Amino acid sequence: MKNLLKLLSPFAPDQSGAVGVLYELGGLVVICDAGGCAGNICGFDEPRWFTKKSAVFSAGLRDMDAILGRDDKLIEKTARAVGQTQVKFTAVVGTPVPAVIATDYRALKRMAENKTSLPAICVDCTGTRLYDDGEERAYLELLRTFSTKEYETEKGKVGIIGCTPLASGYMTEKIFKGEYGNGAVTFGMGSGVEDISKASQCEKNIVVSTGGIKAAEYLKQRFGIPFETDFPVTEAMQKVIAHDFSGKKVLVVHQQFAANKMRKLLKERFDCTVDVATFFKLFDEFAQQGDEHLSDEEQLVRKVSEGGYDAVIIDSICNRALKGYRGELIDLPHFAVSGRLDENGGQVCLA
Amino acid sequence: MNNAFYITAGELAQKGFENTPDELMSAKHLIYSSPATLAFNSPGAQGFGVKRAGLAIPGSVMLLVSPGCCGRNTTMQSRLCGYQDRFFYLLLDDTDIVTGRHLTKIPEAVKEVFEFCDKKPSAVMICITCVDALLGTDMERVSRKCEELAGVPVVPCYMYALTREKKLPPMAAVRKAVYSLLKPQKRHSDAMNILGFFAPLNDDSEIYELLTKAGIKHIREISRCEDLAQYEEMSQANFNLVLNSEARYAAQQMEETLGIPYIEMMRMYHIDKIHNQYMSLANAIGVTFDDSAHYEAAKKAIDDFRQKHGELNFAIGEFLNADSFELAWALLSYGFGVSEIYGTVGERNFVFVKAIARLSPETKIFSNLSPTMLDYEPSGKKIDACIGNDAGYYHAGVPTVDWNEERQPFGYAGLRLLLEQLDGALKGDAK
């Protein structure tokens with residue numbers, strides 16, 4: 001049955017992706033939920049929660065708040081928390097509860113701005129979509145709200161879009177600076193909302209997560225900043241290329257840009273055929289023939305069994321779904337899938 | 001600067017429960033799920049949340065029917081706790097959560113799960129979340145349809161975080177759910193059940209000895225049932241002993257449907273209260289208990305500990321196998337200091353706030369969930385030891401006893417074990 005998972009667990013949802021983008025920007029982030037979604041985000045999907053403080057709170061909605069649509073109460077609580085913390089903006093991140101009751105985010109944004117006198121954004125997440133969808137929405141809302149002024153281009157300044165732990169498996173910008181230079185601005189990691197405001201200073205953007213494409217397109221359209229996609233070479237990728245893939249047909253399963261980089265590394269080193277598959281967004285313009293979007297575990301099993309692959313490079317948590325596969329399974333952790341950070345050697349990051 | 005909100009026990013006792021400041025009432029402010037609180041304030045983060053608790057029926061599996069986000073943490077839970085073969089997910093999309101069309105898919109999904117399992121499950125628990133709470137889903141009706149189609153008992157579990165402060169919050173509802181498959185049968189005067197926890201009491205708890213000496217031969221706990229047959233024997237009980245108030249509704253249900261009456265006790269650390277409760281229990285079931293040896297051993301443990309470590313000052317958290325305020329009161333009455341408590345004040349435990357106020361009016365009471373805890377910095381009197389890993393989070397480097405093991409401490413043995421673990425922590429033993 002479609003959407004029935006018997007072997008895998010659900011992946012990081014859109015609200016986690018949105019919070020991943022907002023986490024370090026200095027805002028007060030309100031997850032519009034009853035408490036469980038915030039608990040999941042902070043306890044599982046946001047590994048920085050244990051190393052860097054951030055004003056991420058749950059709205060603490062109760063049934064009558066939802067049924068009666070008590071937005072005023074939410075704004076009251078938000079304003080009170082703004083008075084108790086030092087923040088530069090407020091952000092409301094959606095979950096299934098506001099999705100069911102059709103919360104009017106535009107009204108919520110206006111109410112928050114009026115009550116707190118701070119800029120506000122709302123990210124329309126539903127909990128039914130995946131993390132890169134939430135990243136996409138959060139980046140776009142941020143840019144539309146803060147990146148309105150056109151600054152003079154700074155020569156050599158590169159913007160990195162999509163560097164979140166969920167997409168990259170890294171909690172700090174070090175790996176991105178190492179790959180793209182110390183002057184690179186890593187939006188959402190080691191940078192603040194001021195950097196978002198000055199996004200138009202960048203000469204070029206590099207998108208490392210599929211959740212960053214729409215933002216890069218926005219900046220291209222608004223300020224004429226060109227972009228390309230890439231991903232840094234990670235420790236896990238280096239471990240993968242220590243295997244011999246000569247003459248093999250290989251499938252890489254990850255988020256599209258990490259998988260593309262893995263493919264590039266494999267093809268540089270070995271005479272092999274490589275396809276990419278992903279449970280997340282797959283952009284045709286960055287895909288090759290044979291690449292495929294996977295809607296669920298059944299499709300993964302079918303792709304692997306029908307593709308004739310000698311090796312599958314995939315987060316090892318998915319091995320359960322590939323029990324019948326006789327080829328080689330090689331681990332490439334993806335935090336949004338298994339909660340394993342590349343940064344700590346592929347260990348699960350838990351409270 | 002320390003902006004974390006607190007109120008002293010003396011001030012709070014004087015104000016009275018009705019005038020508890022908003023900062024201590026989680027419904028009145030945004031909720032801060034700090035690292036200190038995740039273990040208890042996030043679904044299934046540690047211990048038994050609704051999902052894991054729902055699998056207390058031996059041999060059962062769970063189908064979580066929800067948006068993907070609600071099943072996300074189960075990734076870790078299944079892998080780390082050996083539950084990976086017991087969780088299944090029917091993921092809802094945007095249309096499902098607005099129209100409720102997913103309800104028609106559930107029976108087929110249950111059938112597919114049942115057929116998929118090599119070892120056929122004894123029951124399928126269907127766990128639904130906030131979405132269905134808002135849609136007003138009649139899951140009892142859907143469950144009956146599932147039973148008809150799949151030929152297996154199907155039990156609904158409600159992970160409704162939206163109803164946390166209601167009469168039947170999720171952890172109380174799941175306790176009702178896990179006993180709901182019991183069928184009436186002849187009750188036996190020498191059988192009883194302990195309700196309240198999803199893991200057994202520590203084997204050395206004197207409660208087993210006291211009950212056994214009083215003629216009770218079968219003391220049953222759901223977590224000790226190895227199969228469905230043993231689980232079903234629970235309906236032979238002459239009475240239920242409720243050790244956690246969240247099991248009260250389950251006990252009431254069992255009284256109605258199985259005719260089993262219940263008695264409620266509270267886990268306490270005040271030695272005299274432990275004794276009084278045992279005497280009340282003996283009286284209620286018409287027996288006598290001689291707990292003097294256990295009382296004396298616990299008394300000696302307190303005296304030895306105090307002699308060895310002197311007048312220690314504690315910080316007490318709330319992710320504990322204890323009520324934070326009762327434990328604080330007990331420690332104060334033994335002559336120790338408690339300068340900080342991170343806990344949730346309720347009507348039920350306000351009596352302990354008053355008792356603390358009499359012994360230590362300056363004790364500070366914080367709410368773990370207040371946004372102001374983002375800025376908490378230790379200040380004031382030096383803390384010698386923490387109880388609860390949330391307290392330990394605030395006082396990094398201070399000897400800490402987590403006191404949240406799954407096996408449950410109870411009675412004099414629980415008190416002795418706590419002192420033993422504190423002694424170990426103060427000596428620098430690993431947690």
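Which strands and helix of chain B do the buried residues of H15(B) pack against? Here are my notes, starting there.

1. The buried residues of H15(B) pack against strands S10 (313–316), S11 (337–342) and S13 (385–387) and helix H16 (350–359) of chain B. Contact here means that C-beta atoms, placed from the backbone, lie within 7 Å. Helices (H or I, at least four residues) and strands (E, at least two) are DSSP runs numbered from the N terminus.

2. A word on the source: this is a predicted model, where local features need pLDDT of at least 70, side-chain atom pairs count only at pLDDT 80 or more, and totals for chains, interfaces and linings use all residues. Residues are numbered from 1 along each chain as its sequence is written, while chains are lettered from A and ligands numbered from 1 in the order in which they are written.

3. Helix H15 (residues 324–333) of chain B has nine of its 10 residues buried, with 20 or more other C-beta atoms within 10 Å of a residue's own, C-beta atoms being placed from the backbone. Among them are B:Phe325, B:Glu326 and B:Trp329. After H15(B) comes B:Gly335, with a positive phi near 100°.

4. Between the chains, the contact takes 55 residues from chain A and 54 residues from chain B. Strand S1 (residues 4–5) of chain A pairs with S3(B) in the antiparallel sense over two bridges; pairing requires at least two DSSP bridges. A:Leu4 has B:Leu90 as its bridge partner in S3(B).

5. Chain A also holds an open sheet of four strands, ordered S3-S2-S4-S5 with parallel pairing. S3 (56–58) and S5 (120–123) of chain A stand at the edges, each with a single partner strand, so one side of each is left without a neighbour in the sheet.

Technical notes:
Contact = placed C-beta atoms within 7 Å. Buried ≥ 20, exposed ≤ 12 C-beta atoms within 10 Å, placed from the backbone.
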